[in-house]
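Me: I am new to this model and would like to learn how to read it, one feature at a time. Could we begin with the way strands pair?

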Amino acid sequence: MSSETPFQINIPDEKLSILRAKLELATFPDELEDIGWNHGPPLADMKRLTERWRNGYNWRKYEKELNQELPMFTRDIGVDGFGALNIHYVHKKSKTVDAIPLLFCHGWPGSFLEIRGMLSLLTASSPEHPSFHVVALSLPGFGFSEGAHKPGFALDQYAEVAHKLMIALGYNEYVTQGGDWGFLITRRMASKYGGKHHKAWHTNFPMADPPSWKSPLSFLSFLLTPWSAEEKAGLERTAWYRTKSSGYFVEQSTFPQTLAYGFTDSPVALLGWFYEKLVIWTDDHKWTDDEALTWISIYWFSRAGPGAAHRIYSEVHGDFYNLGRTSYPTIPMGASYFPKELLLLPSAWLRRLNNVVIESHHKSGGHFAAYERPEELVEDVRKMFAKGGPAFAIVPGRSGYA
Amino acid sequence: MSSETPFQINVPDEKLTALRATLELATFPDELEDAGWKYGPPLADMKRLAERWRNEYDWRKYEKEINEELPMFTRDIDVDGFSTLNIHYVHKKSESVDAIPLLFCHGWPGSFLEVRKILPLLTASAPEHPSFHVVALSLPGFGFSEAPRKQGFGINQYAEVAHKLMIALGYNEYVTQGGDWGGLITRKMASVYGGRHHKAWHTNFPIAEPPSWKSPLFFLSFLLTPWSAEEKAGLERTMWFRTKGRGYFTQQSTQPQTLGYSLADSPVGLLAWIYEKLVLWTDNYNWSDDEGSGDIAFPDIAHSIEIVLTWVSLYWFSRAGPAASLRIYFELRGDCEDIGQSPCIPMGASFFPKELIVLPAAWLRKSNNVVSESHHKTGGHFAATERPDELVQDVRKMFAQGSPAFAIIPGRTGYA
């Protein structure tokens, strides 16, 4: 077992120079009249962001902030068949000695950054609510984690890395919180390591298979029950995502390397592809330019390069559409529903197939819940593990109370 | 009606300089071990292509060749509801006075350049076969044609531009040849202008509705007839395209501008996006040997692959920029999902095994007036480039003496 090395982000000056040199040469397309957001981010937004990034945006300032705010480390994690990968992660312990070990798992185009709003809340000690020791890793190929070097690094491997990291940190039993790929990865962890190590899981991206005629009673009730207003809105949002906002998914699942060439060569390419999602996947989150640029700079300056992270789509392709391929996890599950999430399915479908012990339905918030609604999400997680809550003391000896 | 202006491509020096400066800064991703073509163009290919483009590739040389080889013009075409668009096109007359006027219509990521190899063959005069006066336009937003400035420029508008160009050139009656978007656009022309002006259409991208239970006998025969080997292979190819090959289509038809920022700012990004299709959509076409003797398993990039760079440069240096060419996918997406009623005018179809959608010919015959069809053993999506002789053979066959579409244009048999 490798030891832990403290980590500070320190992007070499040369990389900053290259970025600036490319931004100096930035070339833009034209735009149709009155197009707004119909075809992608508006030209005015893109020009403004590019100009800010080129001149005015101060990466060193935000790099310093991250270094001061987030205790970060790296360590080698061995992955069966893939050798050791050097993994970057945030690790902050609560003052409460018996806090619950919690792994936060991000997705795409997210990152370890998404823990920022929740970290102090989750680790806060109080007699009134449980607290957590928090680990937030950069998935292999994302942030400052090494990426896999050969094909076949799929859901089992991502789950293995996350699990082994918790074990390496001495957390033999732990819980998880995740959305987007974090949902699928923590779900796989629940199937593989659930019970013995992985004790409970919470997600803000609850996905479930629809009822099928193979379960006649459930299917019948599905056919007969009228949708609630929330469910209708959810299904509309889901239809919008599937018909208007899935191009990236199909391309990344089939030809990730084709995309990688553009992302690696052009910061403007990366900016356009990512900024579009930051805006249309959130619930009207008012991104400041610097906020968006920091988010995207993490990808531009990432250890594996901006072309690596989205390989997860093609490597995990089969698992995304077939949730039933592994058995449904049995450990307690918590679900948070935010109305501007991308896939919003009736919660009955989730309850039918998972051991859902708690759920919350929010009136606002979108895909990046930890970022948009940190207090609400922390509230949901605390409730799950609170005294009297359905998963209280699920990790024996670690109630999380001061 | 506007008059015709001769056109020569003359990309400003400053654009060549800017391209070189951007290529000087090119940075590349890593690659998974033994990735081959599994995830996109291999890194080694991309580095060699980018380096060639940066350093030895001489755009002026190819610009000059195209200018000398293809008689080109521009003229203004009015489009109802969209104002005037300045349209770029190739126009070459045959020596046969009564040659058949033919419009060649390209698609994406094709261009007017795709007419290069078939142009001398189509216009050639001979007593043995018909000949053609050829017009090959750059679609609005492609090549050196102006692009529309507002939303809603749909298939009717593309068809209108193509039709009005032929009329403006004095070709009151004409035939067409097209693939990819060219296939869909000429199909729309056939529906709107067919009979009176548009007399017959040939395509190497024959699409058809599958049989439905609404035509019970046909549906039954569809269910009961075993597939031929050719049909099986065609359906496998179609399945490949539908499951593995639709990323670009889905992106371009939903968020074209998002992708447009990448294609406009990164020549390497544009190169990857197009080169991937030039290889995967062709039938092992050896782009390094543009004489078309493509029997080699994958293009040998050690040889000159400058034709790839010329195709990509055309998009990079296009009048409207590369992002504009994507918008056709957004505007015509509905037309792809519901192709509507088939035209009545005589149709010719060429089936190439590595086309992207290869459907049983019976489906095509069911709902179209198919008068001529050919089934080839090799060739892919870019038929005019990969198999120019075969394609021209097919077009000549359709209008030959004794064929159903012979002299479809009164007084224009096309024979010397």
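Me: Which residue is the bridge partner of B:Pro6 in S2(B)?

Reply: Strands of a sheet pair through backbone hydrogen bonds, either parallel or antiparallel. Here the bridge partner of B:Pro6 in S2(B) is B:Phe73, and S1(B) pairs with strand S2 (residues 72-79) of chain B in the antiparallel sense over 3 bridges. Two strands pair if DSSP finds at least two bridges between them, and the elements themselves are DSSP runs, helices being H or I of at least four residues and strands E of at least two, numbered from the N terminus. This is a predicted model, in which local features need pLDDT of at least 70 and side-chain atom pairs count only at pLDDT 80 or more, whereas totals for chains, interfaces and linings use all residues. Residues are numbered from 1 along each chain as its sequence is written, chains are lettered from A and ligands numbered from 1 in the order in which they are written, and side-chain values use heavy atoms, with hydrogens and water left out.

Me: In what order do the strands of chain B stand, and which are the edge strands?

Reply: The open sheet of chain B has 9 strands in the order S1-S2-S3-S5-S4-S6-S7-S8-S9, with mixed pairing. Its edge strands are S1 (5-7) and S9 (370-375) of chain B, each of which pairs on one side only. From one strand to the next the twist averages 25 degrees, where axes are lines fitted to C-alpha atoms, for helices over the stretch in contact, and angles run from 0 to 180 degrees between N-to-C directions.

Me: Which strands does helix H5 of chain B lie across?

Reply: Helix H5 (residues 155-168) of chain B lies across S2, S3 (83-92), S4 (100-105), S5 (132-137) and S6 (174-178) of chain B, and runs at about 120 degrees to S2(B). Helix H6 (residues 181-193) of chain B packs on the sheet as well, touching S4, S6 and S7 (198-203) of chain B, and its direction makes about 160 degrees with that of S7(B); contact means heavy atoms within 4.5 Å.

Me: What is the order of the strands in the sheet of chain A?

Reply: Chain A has an open sheet of 9 strands in the order S1-S2-S3-S5-S4-S6-S7-S8-S9, with mixed pairing. Strands S1 (5-7) and S9 (356-361) of chain A stand at the edges with a single partner strand each, so one side of each is left without a neighbour in the sheet. The twist from one strand to the next averages 30 degrees. Within this sheet, S4 (residues 100-105) and S6 (residues 174-178) of chain A pair in the parallel sense over 4 bridges, and A:Phe104 has A:Gln177 as its bridge partner in S6(A).

Me: How many residues of each chain are in contact, and what area is buried between chain B and chain A?

Reply: The size of an interface is often given as the accessible area lost when the parts come together. In this model 55 residues of chain B are in contact with 53 residues of chain A, and the area buried between them is about 4800 Å², of which carbon and sulfur atoms give 56%; this is the accessible area (1.4 Å probe) that the two parts lose on being put together, summed over both.

Me: How many salt bridges are counted between chain B and chain A?

Reply: Side chains of opposite charge can pair when their charged atoms come close. The count between chain B and chain A is 3 salt bridges, a salt bridge being a side-chain nitrogen of Lys or Arg within 4 Å of a carboxyl oxygen of Asp or Glu. The side chains of B:Arg149 and A:Asp30 meet in a salt bridge at 3.9 Å, N to O.
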